[in-house]
Amino acid sequence: MVLAHPVRAGLLLLCLLLKAGCSQPVDQAQHRQFFALGTLVDLTIYGSDTATAGQAATELERLFTRLHSDWHAWQPGILQETNRRLATLETFPVNPDLIPLLSESNRLSRLSNGLFNPVIGELVALWGFHSDARPDSPPPGDDRILALVRQAPSVTDITLQDGQLQNRNPAVRYDLGGMAKGFAVDRGIELLQTHGIDNAILNAGGDLRAIGRHGDRPWRIGIRDPRGPGVLAAIELGADESVFTSGDYERFFDHGGTRYHHIIDPRNGYPANAVTSVTVIHSDATTADVAATALFVAGPELWETIARQLGIRYVMLVDNAGTIHMNPAMQQRVRFDTEPAAIHLSKPL
Ligand code: ADP
Ligand code: MG
């Protein structure tokens, strides 16, 4: 706890004792943690009074709990209902709450050349990732994977217009696991801003958006080492930035000495295997989340092309030999804990 000012410190103590009715900004971070969207959500607010921060945190928790069930890929909710109707190939009115999420997912999928593909729900389910803890069983058979890949579900099979959803491919099923956290974090930051909160970090399982500052210094965050317990690098954040990482360590199972993780290459139906983690910095969290997943699939060969198409300016990718790939602007911003053995610098994005 850092308390720079004795008078404020006294006020804070009073606020804590009274628990309510304090409208004085406090010169320290206030925290709230809860589980939603399959992960631990950690909210940090700086420089707001305790009543405002508490009220905003409660509303945020309520919002995330609702989005958790609305968007769930394998439990009852409006997304599951939408998937059921998509399978019928009949045009139907989509739940209005889903429209911004679906249209954004479709737009970003096109910009990623379909490497971020939000309609491969059948493949993700086939791999066993539609359960809270994947059962310990062998990977699916090649024939079943190939059958789904041949059906090539794509957002180009879908028309979303005037609130109506039309699907032309029976293999299309939404799974928004690759962008739901980002979209929720953006909505969460908007909510905090409506409460007049200007300094905060909204962190969902290590992926986050930060606004403002931590008092007289910028927010600083760490990027997890994909192959160790510690931190790979630290980054100082600007006034409104999101940092999202996709890693093969988030959800996986081991079988016969091979790791099978949850980020699937839609081109062949198997977990993308060239990379262990991708970190993206971008202004909004939705684009950052999508880009981290898309660039993970793109791998060392293709990430620059896809990053440019998505308008991303900061990328760090760790390939499975441990080499760090990044663009020069990213290199300017990361501070490594231990200097990496090999860095491959790309052209500017
Ligand atoms: P995390 O949720 O662990 O931060 P990602 O953002 O990369 O990681 O999302 C991975 C999730 O996205 C998977 O669990 C699955 O639901 C979904 N998914 C898997 N492969 C793809 C893909 N190629 N495009 C879009 N979504 C994907
Ligand atoms: Mg993602």
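Which strand gives the most to the lining of the second largest pocket? Point 5 returns to this topic.

1. Basis of the note. This is a predicted model, in which local features need pLDDT of at least 70 and side-chain atom pairs count only at pLDDT 80 or more, while totals for chains, interfaces and linings use all residues. Residues are numbered from 1 along each chain as its sequence is written, chains are lettered from A and ligands numbered from 1 in the order in which they are written, and side-chain values use heavy atoms, with hydrogens and water left out.

2. Shell of ligand 1. There are 18 residues around ligand 1, and Asn117, Asp175, Ser246, Ile264 and Thr293 come nearest; a residue is near a molecule if one of its heavy atoms lies within 4 Å of it. The shell comprises 7 nonpolar, 6 polar and 5 charged residues. In this scheme Ala, Val, Leu, Ile, Met, Phe, Trp, Tyr, Cys and Pro count as nonpolar, Asp, Glu, Lys and Arg as charged, and the others, Gly among them, as polar. With 3 residues, helix α8 (residues 285-310) gives the most to this shell; helices (H or I, at least four residues) and strands (E, at least two) are DSSP runs, numbered from the N terminus.

3. Polar atoms at ligand 1. A polar backbone atom of isoleucine 264 is 2.7 Å from a nitrogen atom of the ligand, and a polar backbone atom of leucine 115 is 3.0 Å from a nitrogen atom of the ligand. In the side chain of histidine 262, an N or O atom is 2.9 Å from a ligand oxygen atom. Each is a polar contact (a pair of N or O atoms within 3.5 Å). On its own, ligand 1 has 570 Å² of accessible area (Shrake-Rupley method, 1.4 Å probe), of which the protein covers 94%.

4. Largest pocket. Ligand 1 takes up the space of the largest pocket, the criterion being that more than half of its atoms lie within 2 Å of the grid points. A pocket is an open set of points on a 1 Å grid over the protein atoms alone, where a 1.4 Å probe fits, with protein on both sides within 12 Å along at least five of seven lines; lining residues have an atom within 4 Å of a point. The volume is about 970 Å³, taken as the space filled by probe spheres set on points joined across faces, edges and corners. Of the 40 lining residues, Asp175, Gly177, Gly178, Arg251 and His262 are the closest to the centre. The lining has 18 nonpolar, 15 polar and 7 charged residues.

5. Second largest pocket. Its volume is about 380 Å³. Among the 22 lining residues, Asn203, Gly206, Leu208, Ile221 and Gly222 are the closest to the centre. Strand β8 gives the most to this lining, with 5 residues.

6. Backbone points. Leucine 37, in the loop between β1 (29-36) and β2, has a positive phi near 50°. Leucine 89, in the loop between α3 (78-86) and β3 (92-93), has a positive phi of about 65°.

Note on methods. A polar contact is a pair of N or O atoms within 3.5 Å; within protein, one must be able to donate a hydrogen and the other to accept it, and residues adjacent in sequence count only if both atoms are side-chain atoms.
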